[in-house]
Amino acid sequence: MRLKTKYFGEIDCSEEDKLHFPGGLFGFEEEKEFFLLPFEGGGGALLCFQSAVTPGLAFVAMNPFSLKPDYAPVLAPGELKAMGVERSEDLCFYVLCVVRHPVGDSTVNLRCPIAVNDHTQRAMQVILEGGGYHMRHLLSELERTGEGAPC
């Protein structure tokens, strides 16, 4: 399918790659379908959640494990059930980024990651209760390894 995007122009995407968010994203509950697209030169750590319906709606995201290798999100039992898995480790996680200039002033939200079941293409944004994660972690204060958990 042809997809009009905010950052990449018009591109071809496969329906099979579409992520389904039954509850939408926080503040965008009506948006139920997104594509996860990599930014060129981002090494797989810098991505974009692009709405499948609204071309101007896209969120910059990052692989949290490339920023904080000890990141350990734990979902509640009901969230695990909704995602169709038994353990949090069976999911892929991404965190939303607010990009600022200079880039070191940009922040990531480690408290409300997006969990993705890469087998079913089901996704949801969650609020983590433990782990000491916050909604605004400065990029300049996080360790950047350039590597992350595979997904």
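Is C112 buried or exposed in this predicted model? C112 is buried, with a relative accessible area of 3%.

**Close-up 1. The cysteines C97 and C112.** The model contains zero disulfides. C97 takes part in no disulfide, and the nearest cysteine sulfur, that of C48, lies 12 Å away. For C112, the closest cysteine sulfur is in C97, at 14 Å, which is too far for a bond, because a disulfide requires the two sulfur atoms to be within 2.5 Å. C97 is buried, with a relative accessible area of 12%, and C112 is buried at 3%.

**Close-up 2. T5 in the loop between β1 and β2.** T5 lies in the loop that links β1 (2-4) to β2 (10-12). T5 is buried, because its relative accessible area is 11% and the limit for buried is under 20%. The side chain of T5 reaches two backbone atoms: the nitrogen of F8 at 2.8 Å and the oxygen of G9 at 2.7 Å. Not counting residues up to four places away in sequence, T5 touches I11, L37, Q50 and P55.

**Close-up 3. H20 in strand β3.** Strand β3 covers residues 19-20 and includes H20. With a relative accessibility of 34%, H20 counts as partly exposed. H20 and R122 are 102 residues apart along the chain, and their C-alpha atoms are separated by 4.9 Å. R122 is also one of the residues in contact with H20, once neighbours within four places in sequence are left aside.

Note on methods. Residues are numbered from 1 along each chain as its sequence is written. This is a predicted model: local features need pLDDT of at least 70, side-chain atom pairs count only at pLDDT 80 or more; totals for chains, interfaces and linings use all residues. Side-chain values use heavy atoms; hydrogens and water are left out. Helices (H or I, at least four residues) and strands (E, at least two) are DSSP runs, numbered from the N terminus. Buried means under 20% relative accessible area, exposed over 50%, partly exposed in between (1.4 Å probe, protein chains only). A polar contact is a pair of N or O atoms within 3.5 Å; within protein, one must be able to donate a hydrogen and the other to accept it, and residues adjacent in sequence count only if both atoms are side-chain atoms. Contact means heavy atoms within 4.5 Å.
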